[in-house]
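Here are some exercises to work through with the model open beside you. Try each task yourself before reading its solution.

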Amino acid sequence: MIRFLRGIFHPSSDGSAIIETDSGIGFRLNVPANSGLYKKADGDEVSVYTSMQVREDAVNLYGFTSMEDLELFELLITVNGVGAKAGLSVMSTLPPAQLRMAITSGDTASITKANGIGKKTAERIILELKDKVTGSAGFVAEEAGDMETGPVAAGEKEEAVAALTALGYTRNEALSAISKVKGEELTCEDYIRGALKNL
């Protein structure tokens, strides 16, 4: 199973991207509409965590910028009635931090904003995943009390945590350092710069 790709990023307008590896092979990935990959320029080198889904009529790769996002996607598709397409729709509608918060708080309204997800399916997602998400290293579950600035700030903090862990810090170290950064409407870069002063 293909779990990780590193290569040259080529964006597409149909909700997918091509990752061209050193071997010259281009892998087509389905990625969330809000993926951090779309902040990259055509030709940038990227690293992507992948989930390969095999069906009778197709083999598809789904790509995510962090292992935690990948694990959240794979948790979603364990829910009865939530296939890979629906799981990607949910993650395209709600950034991972907001999705974790919606699951842990029982917010069906936010989850049903995703195409193809009705109220019953949203309730099933919450019922089956609430304990799993709460028990995971999910940023929202751990730091919900530190997110008065709302969902946008939550997303920026989550990206900053991912960046710091990519630099080699543990998630707990990153969370602790970011929680000490004060200010309003901070960007991911602001959180990173501030956190590095606390590490």
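**Exercise 1.** Which strands and helices do the buried residues of helix 2 pack against?

*Solution.* Start with the ground rules: this is a predicted model, where local features need pLDDT of at least 70, side-chain atom pairs count only at pLDDT 80 or more, and totals for chains, interfaces and linings use all residues. Residues are numbered from 1 along each chain as its sequence is written, and side-chain values use heavy atoms, leaving out hydrogens and water.

Next, find the elements: helices (H or I, at least four residues) and strands (E, at least two) are DSSP runs numbered from the N terminus. Helix 2 covers residues 84–93, and seven of its ten residues are buried (under 20% relative accessible area, with exposed over 50% and partly exposed in between; 1.4 Å probe, protein chains only). They are Ala84, Ala86, Gly87, Leu88, Ser89, Val90 and Met91.

Now look for their partners. These buried residues pack against strand 3, strand 4 (45–54), strand 5, helix 1 (67–76) and helix 3 (96–105), where contact means heavy atoms within 4.5 Å.

**Exercise 2.** Find how strand 3 pairs with strand 2 and with strand 5.

*Solution.* Two strands pair if DSSP finds at least two bridges between them. First take strand 2 (residues 16–20) and strand 3 (residues 26–30): they run antiparallel, joined by five bridges.

Then turn to strand 5 (residues 59–64), which pairs with strand 3 in the parallel sense over two bridges. Here Leu29 stands opposite Leu61 of strand 5.

**Exercise 3.** Is Gly24 buried or exposed?

*Solution.* Locate Gly24 in the loop between strand 2 and strand 3. That hairpin has five residues between its strands, and Gly24 takes a positive phi near 90°. Gly24 counts as exposed because its relative accessibility is 53%.
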